[in-house]
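Thanks for asking me to look this one over.

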Amino acid sequence: MEQQNKAHRAVRTKSQKKTTQNNGQNARAFAVAAPRRLERQARRTHDINEKRFHVPMVDRTPEEPPPVIVAVVGPPGTGKTTLIKSLVRRYTKHTLSAIKGPVTVVSGKRRRLTFIECANDLSSMIDIAKIADLVLLMIDGNFGFEMETMEFLNILAPHGFPRILGVATHLDLFKSPPTLRASKKRLKHRLWTEVYKGAKLFYLSGVMNGRYPDREILNLARFISVMKFRPLKWRNEHSYLLADRVVDITHPAEIERNSKIDRKITLYGYVHGTPLPAHNARVHVPGIGDLTISNIERLPDPCPTPYQEKKEVEEGKIMRRKRLADRLKVIYAPMSDVGGVLIDKDAVYIDVGHRSFVEGEEKGVGERLVVGLQNAQTTLGEGPVGIRLFSNTEALNEIKPDDDEKDNIDEGDSGRKELRHGRAITRDHDAGDSSVDVGDEDEEDEEGDYDDAEAEEEAYSKSMRSRLLDDSMHSRLAADDDDVAFADSDSDLADYDDADDDVDIDDGNLRWKSNLADRALKDYKRRKWDIGKLLYLDNIVPEEVIKRWKNEQLSSSVEDGEDEDIENDISDSASDHADNGDDFFKKRKNSGILLADAEVIDRTIPVYDDAYLKDKWSESSPALTSLMSRFVTRQFDDSEGSEGNEINSSDFDTDGDEEFGDFEDLETGEAITSTSTHEKKPEDITSEEDAEEGQEKLYDKEREANARKKEKLRLRFEEEEEQEDDGLGEDDPEKKLYDTWHDAQKAKIAKQLEVNKAEFDEMDSATRERVEGYRAGQYVRIVVDSIPCEFIEKFDPKFPVIIGSLLASEDRLGIVQVRIKRHRWHKKILKSNDPLIFSLGWRRFQSLPIYTTSDSRTRNRMLKYTPEHLHCTGTFYGPLIAPNTGFCAVQSVANGSATGAFRIAATGIVLDVDQSVQIVKKLKLVGTPYKIFKNTGFIQGMFNSALEVAKFEGATIKTVSGIRGQIKRALSKPEGHFRATFEDKILMSDIVILRAWYPIQPRKLYNPVTSLLLSEKSEWQGMRLTGDLRHEKGLSVPQLNDSEYTKIDRPVRRFNPLRVPKTIRSELPFKSQIAMMKPQLKESYLQKRAVVVGGTEKKKREMMQKVMTLRNEQVRKRQEKKQERKGMHQKKIAENEEKRKERERKDKKEYFQRQGQKRNAGRQGGGGKRHRGDDD
């Protein structure tokens, strides 16, 4: 019998099992247990990694970074000054009595901190928000977040959010620990809501000896010292500095003559951001305006880091400092009079700490002389008092000339007419030869730079000639009877060359005058050349540049020419001097562009030699021949002799021939085909068919060649796109190391930074500063002219002075379009053409914005008010700023106008900048018909003249009822009336409306906020509204008769009923028949007999009403008692629930106490079975 059920599996041996497992892994053993959960985890991991990505930015942080600007911000009374004093005490062991201006301290080996306290006004908040790297946000823990704190956070948002640390103070006022814990938790979560989740919040309890506890300050200082900062977009594109010192260097005499004269000031500070240009940099100082830097130079760092000092000591730039000097240099606060050291351009001022001079108690003659000069009422030369050489002599008001001097004056020798310009000549006493170091002189004095070789030669010859003597010196060289020679100056008897000791003075020749021409020629050959200037000289060839730079022998032509000129000049000068002396100095005849004896009207225009230029650029000249060979020419000669010069047309792309095809010459009538310029000649074709076939073949070949070229260009273009996407070159080995675009961009930026750094490191410091500018981290001195005198007279160090550089495009004014939104906390909506103060870029200015919206992207329609909870477009006149730059706006920055409400009115970003913009405003013109003929109507009251009607001919009009029409033609009389047609007949009562658009332009108002020029810097007021002025002066709003509301009488219109003629009514279908009732001729039963309630009926109704009233009252009382009983029951249930919870709480407490005792006993070895050896 066969087996009906399923057979068992065959038993596998152990060797078979091993063979099966060795063939491959078991798929089930390595399968995912929960694929959905794995997918969610992978997605979450990918999202977290993507959130960490930022747009790659260039890290411009130098090797020695500038101090980190730490701004302490908070409402009044939150402990800002106390916190700065505590931190400064922690870092420097100094105790500050008052905080004025920035305070720079050294916090680590390579980090410095600049603390600045933010004043409680909007202008200071806006300025600090633009430069602060770290914000210490002071919060009163006992009160919570105040309005100033929220305003500052909303100012930070559009200008770039820096790092923020919350600091809660006044926590010692909490007496209950649970309340303190709840307050800390509430403050932390509120800070997370405003900043970001996980923001750090420090807690400062009380104040001890005028400072916060050392342990809490130590924790905060350690956290600040290790923080990392990411560059912000605006600061990474602009250079700026926070002025820590301001000095007025205007001449005192000018101030005394006019106290309101514009001042010349110097500003000191560390450069941040990008390098600051070295020449004529345009900057903006918030609170003053746009300025131009007249001079800038780098100064020694007044607060160097230990790493920088160690590096300078190793390089040998400075000596190793003493311990006392280190202690003095760890803090730098010149406005707070701390540190005692002020570094200026050419001096270092040290505060000795006590008064060394008391007025009226002068010590010594020097002090009395200085005090006398300071107390003088007039300057030298203004008063009648002359010069007194000795105390017992008379004052000299004039000098009587000698006889010889009188003769010179009579002869016309009135002395020097211009300032003396000295030229220094250095000598090498060891070698005995003098040399001129042109390169060193140019580095020391930039104003004396020479532009070409001729100017250097002329300056050199002048310096040599200035050492010669004139005729008056010859007359007094030596005495007749004595062996001693006298001269007018010490240099006359000095040895110019130590080798010429055998020159006889008695012969009337000084030793330094011998061989003057030979020595001058020798010095000229030995002079050093500056390679930076030789490279840009256009009158010498590159070979001569290399020879001059290496001090090799010059070419014979150049050397002979120059040496001959110099030798002739000096020899002629010497011979003239020996003979006459009147024509000692002679200008060397220049063979260059301008002739020495030519009469020139305008020396700014070069004068050329026409004959020389004509010979140089003639047809046979080699210069023109060499230029002709550089231009591509084409010959169309079919002769055999022109094959060498002919350019084949197949070398060029023939897409144009194929596109335009054959054409005909309109002048000659000759038909020209696209193959007329190719190598194929018509005489080679024997018949017309062969010619057509050959032409078609030629077309096919050209098409194939063009297709190959286009395919090659397409592949090449695709390769370039791939290279641009990667950011690296195809042959770059780093291209294979990065898988993502983000990593490739970061590598590209890093590579470019390395190239720039290597290039700049090869330059010396002076050249690098001229090319690159003053880098971040350098301490510079900036000189600015034309500063209003009010800035110095009313200067307050508590308000920050910021110098921000302007790009080339930011120095112009124009129309700026922004996307703006009213802040949700601001109470009032914003109105068009109301003044608004913008904080855009470095500037704070007032302008008149117009709010618009886009109607289907066809027009910018003006809005009277900003929309509620929506963005709109704003247009105003102001400085042009790059798109995507954030800004904020306020209505007033004066503290006096603050009402306690939120002051940040709007925020947004810049969309576009343009010189003009088109904005339209909706305009409705209303008219009424006075004549109607079918679909034609005559309208009045819409226009005033026929000219206005002519401008709107063909415009669409519409009635209130919705009937559309069109303006046709103006009527001759009366003026302003016109004829219009409509799609249906209108009524006399209709109102006709014309919808038009009127173009408007923004008002050009740019009013910078000049708060630093006021004595009360927090009370700046610009343009105000008319309502504010009326409220301030107590004026009432004028009532116009046209603006008053009057009672409008609208009569009730009665329309006639619809009357359908009987002929039409009879032809209507049954469904559309009009149901009409016949008029009732007889009265109905209800009309004839009215119902009058009798006596019995009336009594019954009154009885039922009274019964229902009583019943309703009983029901109401019953419901009230029921609610009362229900309330008592609920109260009893609540009491029982409270007792139950209390009992459970007590039971839990006892339970956990018992459990805790058991655990403690278990740790100590007890609680279980008693062990042997345990004694009581």
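1. First, the term behind the cavity count: on a 1 Å grid over the protein atoms alone, a cavity is a set of points where a 1.4 Å probe fits but cannot get out. How many cavities of 30 Å³ or more does this rule give? The count comes to five. Please keep in mind that the model is a predicted one.

2. The second largest cavity has a volume of about 70 Å³. Its lining consists of P67, I69, P102, T104, T114, L242, D244, Y270 and H272. By class, five residues of this lining are nonpolar, three are polar and one is charged.

3. Next, a helix pair. Helix α3 (residues 80-92) packs with helix α7 (residues 214-225) at an angle of about 75 degrees, and their axes are 10 Å apart. Angles of 65 to 115 degrees count as roughly perpendicular, and α3 and α7 are therefore roughly perpendicular to each other. On the α3 side the contact involves L83, S86, L87, R90 and Y91, which meet I217, L218, L220, A221, I224 and S225 of α7. Eight residues of this α3 and α7 contact are nonpolar, two are polar and one is charged.

4. A second pair is helix α4 (residues 122-131) with helix α5 (residues 147-159), whose axes come within 9 Å and cross at roughly 40 degrees. Are α4 and α5 oblique or roughly parallel? Only angles under 35 degrees count as roughly parallel, so α4 and α5 are oblique to each other. The crossing of α4 past α5 is right-handed. From α4, the contact takes in L122, M125, I126, I128, A129 and K130, and from α5 it takes in E148, E151, F152, I155, L156 and H159. The α4 and α5 contact has eight nonpolar residues, one polar and three charged.

5. Two backbone details deserve a look. Most residues other than glycine have a negative phi, and most peptide bonds are trans. H170 has a positive phi, near 60 degrees, and is not a glycine. You will find H170 in the loop between β5 (163-169) and α6 (177-194).

6. Where is the cis peptide bond with omega of about -10 degrees? This bond joins K973 and P974. P974 sits in the loop between β32 (964-970) and β33 (978-982).

Definitions and conventions
Residues numbered from 1 in each chain as written. Predicted model: local features only at pLDDT ≥ 70, side-chain atom pairs only at ≥ 80, totals over all residues. Heavy atoms only, no water. 1 Å grid on protein atoms, 1.4 Å probe; cavity = no way out; pocket = protein on both sides within 12 Å on 5 of 7 lines; lining within 4 Å. Points joined across faces, edges and corners; volume = space filled by probe spheres on them. Nonpolar A, V, L, I, M, F, W, Y, C, P; charged D, E, K, R; others polar. Axes fitted to C-alpha atoms, helices over the stretch in contact; angles between N-to-C directions. Helix = DSSP H or I, 4+ residues; strand = E, 2+ residues; numbered from the N terminus. Parallel < 35°, antiparallel > 145°, perpendicular 65-115°, else oblique. Left-handed = near helix turned anticlockwise from the far one by under 90°. Contact = heavy atoms within 4.5 Å.
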